[in-house]
Amino acid sequence: MTGSAASQAPASSGGGGTPARHVAIIMDGNGRWAKKRFLPRLAGHRQGMEAVRRTITAAGELGLEALTLYAFSSENWRRPAGEVADLMGLLRHYLRREIDALDRNNVRLRLIGEWRRFEPDLVEQLDAACRRLERNDGLTVALALNYGGQDELVRAARALAEEAKAGGLDPAAIDAQAIEDRLDTKGLPPLDLLIRTSGETRLSNFLLWQAAYAELLFTDTLWPDFDRAALERALECFGRRERRFGGL
Ligand code: IPE
Ligand code: IPE
Ligand code: MG
């Protein structure tokens, strides 16, 4: 893994040679992938899970520090109950099936969003997976589960208000860092590249704060077709971007 990361390092370079540290993906298009094949939507979600496995392996080998994956949004509860149940079932299945491989690949797991509102057994399974992988020091995979960027900011605002009310925080001292420190992504590297698959060109409430200066990349590839080559192409594209952060 290390050798391959070293040999592939230029692929993740960007902004004058600075390699991408943190990539996030809005994994969209599972339903359309299935529809094109006259299959039920669940078949698309299943293939989407295979794409998750491939992409995590590739991200580790390409030397990324963090990969944040939008797996279930705070708005996805609006889907039919059967589809929500299918997605929860797949998550349980994924954790059971992949935990050993994630550990072997030195992956650490972070969860962002209100995942503790899931069914108690799934919350316990997610907690156990994080504990099992917590001593790893390779790629950090952050799974966004019941995540919404607005909800994350609301929770951060509430936390700040509570601290101010308790007297431990002067409202005048609240700055961008104070907000960042109360986001679910606290401690992750700054977001470099945000990818959305399936041709849609919106954020759908993903990483609203963190995307402030991220490079955005929209690809027509449907998520179940995403693979190592697609990630490499995205990182090559990132490498050609000039990031100015408001300067010259
Ligand atoms: C993304 O694929 C998976 C989730 C949102 C959980 P979709 O299910 O949104 O697929 P499309 O957009 O209907 O093709
Ligand atoms: C965004 O995709 C959420 C995830 C990929 C988990 P959606 O398919 O839910 O987004 P919209 O509804 O097209 O905006
Ligand atoms: Mg979609």
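A polar contact is taken here as a pair of N or O atoms within 3.5 Å. In this predicted model, Asp28 meets that criterion with ligand 1, a polar atom of the Asp28 side chain lying 2.9 Å from an oxygen atom of the ligand. Backbone groups contribute as well: a polar backbone atom of Asn30 is 3.1 Å from an oxygen atom of ligand 1, and for a polar backbone atom of Gly29 the corresponding distance is 3.4 Å. Of the 380 Å² of accessible area that ligand 1 has on its own, the protein covers 86%.

The space taken by ligand 1 is the largest pocket. In total, 13 residues surround ligand 1, the closest being Asp28, Gly31, Arg32, Arg41 and Arg79. By class, this shell has three nonpolar, five polar and five charged residues.

Ligand 2 likewise sits in the largest pocket. The residues around ligand 2 include Asp28 and Arg79, both of which are also listed among the closest to ligand 1. Oxygen atoms of ligand 2 lie 2.8 Å from a side-chain N or O atom of Arg202, 2.9 Å from one of Asn76 and 3.2 Å from one of Arg79. Taken alone, ligand 2 exposes 390 Å², of which the protein buries 78%. Strand β4 (residues 66-73) provides the largest share of the shell around ligand 2, three residues. The shell around ligand 2 has five nonpolar, two polar and four charged residues.

Key: Residues are numbered from 1 along each chain as its sequence is written. Chains are lettered from A and ligands numbered from 1 in the order in which they are written. This is a predicted model: local features need pLDDT of at least 70, side-chain atom pairs count only at pLDDT 80 or more; totals for chains, interfaces and linings use all residues. Side-chain values use heavy atoms; hydrogens and water are left out. A residue is near a molecule or strand if one of its heavy atoms lies within 4 Å of it. A polar contact is a pair of N or O atoms within 3.5 Å; within protein, one must be able to donate a hydrogen and the other to accept it, and residues adjacent in sequence count only if both atoms are side-chain atoms. Accessible areas come from the Shrake-Rupley method with a 1.4 Å probe; for residues, only the protein chains shown count as cover. On a 1 Å grid over the protein atoms alone, a cavity is a set of points where a 1.4 Å probe fits but cannot get out, and a pocket is an open set with protein on both sides within 12 Å along at least five of seven lines; lining residues have an atom within 4 Å of a point. A molecule sits in a cavity or pocket if more than half of its atoms lie within 2 Å of its grid points. Helices (H or I, at least four residues) and strands (E, at least two) are DSSP runs, numbered from the N terminus. Ala, Val, Leu, Ile, Met, Phe, Trp, Tyr, Cys and Pro count as nonpolar, Asp, Glu, Lys and Arg as charged, and the others, Gly among them, as polar.
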